[in-house]
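User: I'd like to learn how to read the main features of a structure. Could you walk me through one, step by step?

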Amino acid sequence: MERELTVVGNRMPMLDAAAKAKGTAQFIDDLVLPGMLHGKILRSPLPHAKILHIDTSKAEKLSGVKGVMTGTDIPDRKYGIVPKAKDEYALAKTKVRYIGDEVAAVCAVDPEIAEEALELIKVDYEELPAVFDPMEAIKEGAPLVHADVQKNISASIRKEFGDVEKAFGESDFIFEDTFYSQAVNHAPLEPHGALAQYDPKGELTIWSSTQIPFFLRRNLSTTLLVPESKLRVIKPKVGGGFGQKVDMFAKDFCACWFAMNIGRPVKFIYDREEVFIGTRQRHPVYLSVKTGLNKEGNILAQQFKAYADGGAYNSTAPVMITLMGFFLMIPYKVPNLLHEGYHVYTNKPVGGAMRGHGIPQARFAVERQLDMIAERMDLDPGEIRIRNSIHAGEPHPAKFVINTCGFVDTVKKAAEGIGWAQKRGKLPFGRGVGMAGGSFPSGVSNMSHISSGAVVQLGREGAVNVLTGAADIGQGAETVIGQIVAEELGVLLEDVRVTAADTGITPLDPGTFGSGVTVRAGNAARLAAISVKNKLFEIVSEKLEASVDDLVAEKRKIYVKGSPDKGMTLSDALKAYQYGDHPMPIVGRGSWMAPTTEPTTLLKENGNFAPNYSFMTQAAEVEVDPQTGRVKLLKMAAAHDCGKMINPLLVEGQLEGSVVGGMGQALYEDVIVEKGQVMNPSFLDYGFPTAMEMPEIEAIEVETIDPLGPFGAKEAGEGTQVSPAPAIVNAIYDAIGIDFMEMPVTPEKILKALEEKKK
Amino acid sequence: MGKMISFALNGNKMAVEVKDHWTLLHLLREELGLLGTKEGCGSGECGACTVIVDGMAVNSCLFPGLEIAEKDVVTIEGLTSPDGTLHPLQKSFVENGGIQCGYCTPGMIMSAKALLDESPNATEEEIKHSLAGNICRCTGYVQIIDSIKSISEGGVEEVHVVAWKNKEKDE
């Protein structure tokens, strides 16, 4: 850089924070249109059944009801986030596959009448045998959740890097352990909703609480048979997603269908129970890991096997089991890896993308096992992680290109932060420290939508207008993009207005998933800003008789490097441009995708799979009460290499949020399902961390400047979620000497284990 | 069945016909169009709908609408001055990163206000206790607590700056 950064790197409030603080920010449930109707969904009470007949006549006659629809009303077109894995109808056609599966929808003048109408719909079912465990579901003769999917395995992967068998043969030590990672609900505070409006010219507009406006548009188009050109998806403020809104739901399709067929706007808002049972959850996964090492503790080979309980539908199935395997190749050097993953249907709530997307489950197993291996080989857990770290610039076994890697530093700094040297193995019984590492791609670059676009326009008095398709769901994407543009154009953040995520206005963007937004959409916005800057520099260089290369844009001025007095304001430059020989508006465009010399899905050949990779280590200190079995997380030291932090205030927010999320997964949260019925579908029964459980969190930055990220940035959203849970479970081992192989580690499990240990 | 009741909403006296089964949340959002208060669960478990009734933070999704008769109700809309100036708590949430997705924010701020009105120099423990009924899934609570602490630790002297003050109690 030629000059100091003035906007990027600063702690800045989100652009929309004041509106949110005032209560004026508009979420989906805050949108009201004239004549708007309210929709509700009838869900299956049975885990697996044939639909014999649906009688909607009574519901239709209820005063205030304006429409009733069932699966027979909609085209025979399935939807799904992954094109080759589409397996879901907006409303069930002939069969329901889990308790909560959508059967019919009603719209009425108010939500209470719609609710009442649901009770008047009579559905005749023929109950079918159901299956609730993936290990049962893969057995010969198990009930088939989808008749055409043998053994209920709807997606699988077997991928080998190197030669695992040979490497095991050369290993001095081989360890094999099995683990289980439970179902967790994302539970964003804002329940899911959709509002659709149809205009007589045939344009369908839908506002949806979505992380993926463009995917939603495509799926609405293919299922409702409306051309994409006639469909507009608008994302209002979204009250959290964590991946649960990386999908589409009955509410989206039914709102659109009703709007088209009744001619009035229709809104659906799910209640909290529906969010728990009828949306998505983190896949429960049975995992086994076999690791071969030499005497020095270097990993020579790893064999990984995972059975994911997918529930009744695919959602992201093939992607999830693939990511889970590929990203075992970071942050440790695994020269030989065999990954087998299976996505198995059961008659249960549906798994989907959740912050980390398959990787946290894998990391739980690997990070737990690394600690167990360290114990067996008498190595320090920190040392075994450092010894096996990948490094920037080194050849990678899968040919990932690692330009920057702060992993070793994160291990050291997290250890320092938690007081590792003084505490590990040295605290009294009941107290302990543990750590876990992690790494995450800043968006995968070769699997689906992989590019983002942006438009930057310069307006009167130097106002900057940015159009981006990036979907801000509360993480601050719009702010980060605004900062990047402001930095590039040399204006203040307050000069920038970001208009985002409206498929009718903003450029194509994949959406918020895979932690790719800052790098991908941020780079696109930066390119658009550079193109605006270049136009301005042309005119300014003429006026100032200076070379373009000598100009700098900073603090709303463009001037000759080294002489801030010799310059003109951005606003004057704009005037000069528009009233001079170039009477044109100034519009910059940018598009960006990760450079890939050899595009690969990694399935057949090795290659790079993400623009860059973040690295992190989290170290936990816990206190276990042997009387009650209760675990208190005292402190988490979280060291994180996310490249250049565009906005440290937001990075810390991501980090702290993920620590508490990881604590929930490690200690409390569990979607309990009995015979297909979710037993705890409420905040109270489900029980996640409140302010009372919050530990002390020390956020430690390990900054690297990545050559591909905008201003050197890497992801900071999902990676932070992969290591807190195993760090906590590892600390529990240090505290009481018990290896827990499954989560959550509840007081009951601790008391039981302590009891058994005594014997 | 409905009943005409009078109450003060954000400092303004008003009389409204309230039906028996309406919750305060329904009254605020659906009947009076005050959309700042959010519904996260509808069963008093998440605190997103928190408002202040006679100085007490309550879950408006459970609170019967009729119960506000002759009482003072303050919602998030009552915190910002008419000229748009944010209440110190709102400003502090904005500046300290206490807001991510923003859905729990109005409820968080109202819980915090009820606490600080009662106990302007609340300690961290007291703050955590007062937020125990407000769930946030984004922030991990750290920056929320920082936001409140920066006020309670004396960053701002006068917390009651706008719209409504704790009314003098007769007793």
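Analyst: Happy to. Let's begin with one side chain: A:Glu383 has a relative accessible area of 30%, so A:Glu383 counts as partly exposed. A:Arg387 comes out partly exposed too, at 33%. Keep in mind that this is a predicted model.

User: What does A:Glu383 form with A:Arg387?

Analyst: Here's the general idea: side chains of opposite charge can pair when their charged atoms come close. In this case A:Glu383 and A:Arg387 make a salt bridge, with 3.3 Å between the closest N and O atoms. The two sit 4 residues apart in helix H11 (residues 381-387) of chain A, so about one helical turn separates them. There is also a network in which salt bridges share partners: A:Arg363, A:Glu367, A:Asp371, A:Arg385, A:Arg424 and A:Asp734 are joined this way.

User: Are A:Lys245 and A:Glu190 buried or exposed?

Analyst: Both are buried. Then there's A:Asp247 with A:Arg280, a salt bridge at 2.8 Å, N to O. A:Asp247 lies in the loop between E11 and H7 of chain A and A:Arg280 in the loop between helix H8 (272-278) and strand E13 (285-293), so parts 33 residues apart in sequence are tied together. A:Asp247 is buried at 4% relative accessible area, and A:Arg280 is buried at 2%.

User: On to the core. Which residues touch the most other members?

Analyst: In soluble globular proteins, nonpolar side chains tend to be buried together. Here the largest nonpolar core has 154 residues, and A:Phe304, A:Phe327, A:Phe400, A:Ile728 and A:Ile732 touch the most other members. Helix H10 (residues 359-377) of chain A gives the largest share of this core, 10 residues. Apart from that core lies another one of 46 residues, including A:Val464 and A:Val532. Back in the 154-residue core, contacts of A:Phe327 include A:Ile359, A:Phe400 and A:Tyr613.

User: And sheets? In what order do the strands E20, E21 and E22 of chain A come?

Analyst: Strands of a sheet pair through backbone hydrogen bonds, either parallel or antiparallel. This open sheet runs E20-E21-E22 in chain A, with antiparallel pairing. Strand E20 (551-554) and strand E22 (563-569) are at the edges with a single partner strand each, so one side of each has no neighbour in the sheet. Neighbouring strands are turned by 35° against each other on average, direction ignored. Strand E21 (residues 557-560) of chain A is joined to E22(A) by 4 bridges, and A:Ile558 stands opposite A:Met568 in E22(A). Helix H16 (residues 570-579) of chain A packs on the sheet, touching E21 and E22, and its direction makes about 50° with that of E22(A).

User: Last one: how much do chain A and chain B bury between them?

Analyst: The size of an interface is often given as the accessible area lost when the parts come together. For chain A and chain B that is about 3600 Å², 63% of it on carbon and sulfur atoms. The contact takes 45 residues from chain A and 42 residues from chain B. Across the interface there are 4 salt bridges. A:Asp30 and B:Lys38 form a salt bridge with the closest N and O atoms 2.5 Å apart.

Note on methods. Residues are numbered from 1 along each chain as its sequence is written. Chains are lettered from A and ligands numbered from 1 in the order in which they are written. This is a predicted model: local features need pLDDT of at least 70, side-chain atom pairs count only at pLDDT 80 or more; totals for chains, interfaces and linings use all residues. Side-chain values use heavy atoms; hydrogens and water are left out. A nonpolar core is a set of buried Ala, Val, Leu, Ile, Met, Phe, Trp, Tyr and Cys residues joined through side-chain atoms within 4.5 Å. Buried means under 20% relative accessible area, exposed over 50%, partly exposed in between (1.4 Å probe, protein chains only). Contact means heavy atoms within 4.5 Å. Two strands pair if DSSP finds at least two bridges between them. Axes are lines fitted to C-alpha atoms, for helices over the stretch in contact, and angles run from 0 to 180 degrees between N-to-C directions. Buried area is the accessible area (1.4 Å probe) that two parts lose on being put together, summed over both. A salt bridge is a side-chain nitrogen of Lys or Arg within 4 Å of a carboxyl oxygen of Asp or Glu. Lists of a residue's contacts leave out its neighbours within four places in sequence.
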